[in-house]
Amino acid sequence: MTLEIGLLLLESVLLIFTVILLVYSIREGRQRDKLIMEVGKATRVLTRQEYFLSIIDSMMDAKEEIVGCITGRPPAGDDVKMSRTIVENIKQITKNGVRVKYLLPKFPDRLHVGYMYMKAGAEVMYSSCLMVHNLRYIIIDDRIVVMGIPESIGEKEATKKGYRIPSEGLAMVLKNYFNTCEKQSSFPEYLKEVLKQTGATPEHIAREYQIDVDELKKLAGG
């Protein structure tokens, strides 16, 4: 074997090892990115759970009134269980004489949550004012605020986490915004508005947003 052939074989072996290391490096990078994504998802779930748990705990402490400005997005995944718990809490505290009032943005898909909360005993209103698209909070007895923080900018973005803030001053400011938010419509009024704007039948709306069709017809006045 000549020196030239030996060097050529050595270069070939080194090239093969380089390719193998490159493939493993790419695969490891993909696995690492996937792991980071999974950790990120897990973190978001935990913070959303903490937010909902803060709301649930605070609701059970209410003695007189709860006022909330929420997104009212249709629950999915783990949020379904949390939403059911909130509905049960609304039923329980309203039976004990606590007033509950929620303000939701005017999006047709928010009829589902609005209907559930209304059936549980809450007063549900809808508005298109700026505040209802940018703030998420509940106020307990004019002294405690649970503030929701979205994952990114936008009225349809999911809430990432929440903060429980004992502050009568902040509660007063937010409640004032709540009361002055213009063009508030009750659930029946907004339902009629959606039916008129979309031209949909009550049966279609009931099926789309999981509302009892007979009750929807009564609420729509037809």
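## Helix α6 against helix α8

Helix α6 (residues 187–198) and helix α8 (residues 213–220) pack at an angle of about 95°, with their axes 9 Å apart; the axes are lines fitted to C-alpha atoms, for helices over the stretch in contact, and angles run from 0 to 180 degrees between N-to-C directions. α6 and α8 are therefore roughly perpendicular to each other, on a scale where angles under 35 degrees count as roughly parallel, over 145 as roughly antiparallel, 65 to 115 as roughly perpendicular and the rest as oblique. The model is a predicted one, in which local features need pLDDT of at least 70 and side-chain atom pairs count only at pLDDT 80 or more, while totals for chains, interfaces and linings use all residues. Residues are numbered from 1 along each chain as its sequence is written, and side-chain values use heavy atoms, with hydrogens and water left out.

The α6 side of this contact (heavy atoms within 4.5 Å) consists of Phe187, Pro188, Leu191, Lys192 and Leu195, and the α8 side of Leu216, Leu219 and Ala220. By class, the contact of α6 with α8 has 7 nonpolar, no polar and 1 charged residues, where Ala, Val, Leu, Ile, Met, Phe, Trp, Tyr, Cys and Pro count as nonpolar, Asp, Glu, Lys and Arg as charged, and the others, Gly among them, as polar. Helices (H or I, at least four residues) and strands (E, at least two) are DSSP runs, numbered from the N terminus.

## Helix α3 and its two partners

α3 packs on α6 at an angle of about 155°, with the axes 11 Å apart, and the two helices are therefore roughly antiparallel to each other. In this pair Leu111, Gly114, Tyr115 and Met118 of α3 meet Phe187, Tyr190, Leu191 and Val194 of α6, a contact that by class has 7 nonpolar, 1 polar and no charged residues.

Between α2 and α3 the packing angle is about 30°, with the axes 8 Å apart, and that makes α2 roughly parallel to α3. The residues in contact are Ile86, Val87, Ile90, Lys91 and Thr94 from α2, with Met116, Tyr117 and Ala120 from α3; by class they comprise 6 nonpolar, 1 polar and 1 charged residues.

Grid points are joined across faces, edges and corners, and a volume is the space filled by probe spheres set on the points.

The largest cavity holds about 290 Å³ of space, and of the 21 residues that line this cavity, the closest to its centre are Phe52, Thr71, Gly72, Arg73 and Tyr117. At least two lining residues each come from α1 (3–60), α2, α3 and β4 (136–140), with α1 giving the most, 4 residues. The lining divides into 13 nonpolar, 4 polar and 4 charged residues.

## The second largest pocket

The second largest pocket has a volume of about 180 Å³, and its lining includes Pro74, Pro75, Arg84, Asp109, His112, Met116 and Glu208. Two or more lining residues come from each of α2 (79–95) and α3 (111–120), and α2 gives the most, with 3 residues. By class, the lining of this pocket has 5 nonpolar, 3 polar and 3 charged residues.

Methods:
On a 1 Å grid over the protein atoms alone, a cavity is a set of points where a 1.4 Å probe fits but cannot get out, and a pocket is an open set with protein on both sides within 12 Å along at least five of seven lines; lining residues have an atom within 4 Å of a point.
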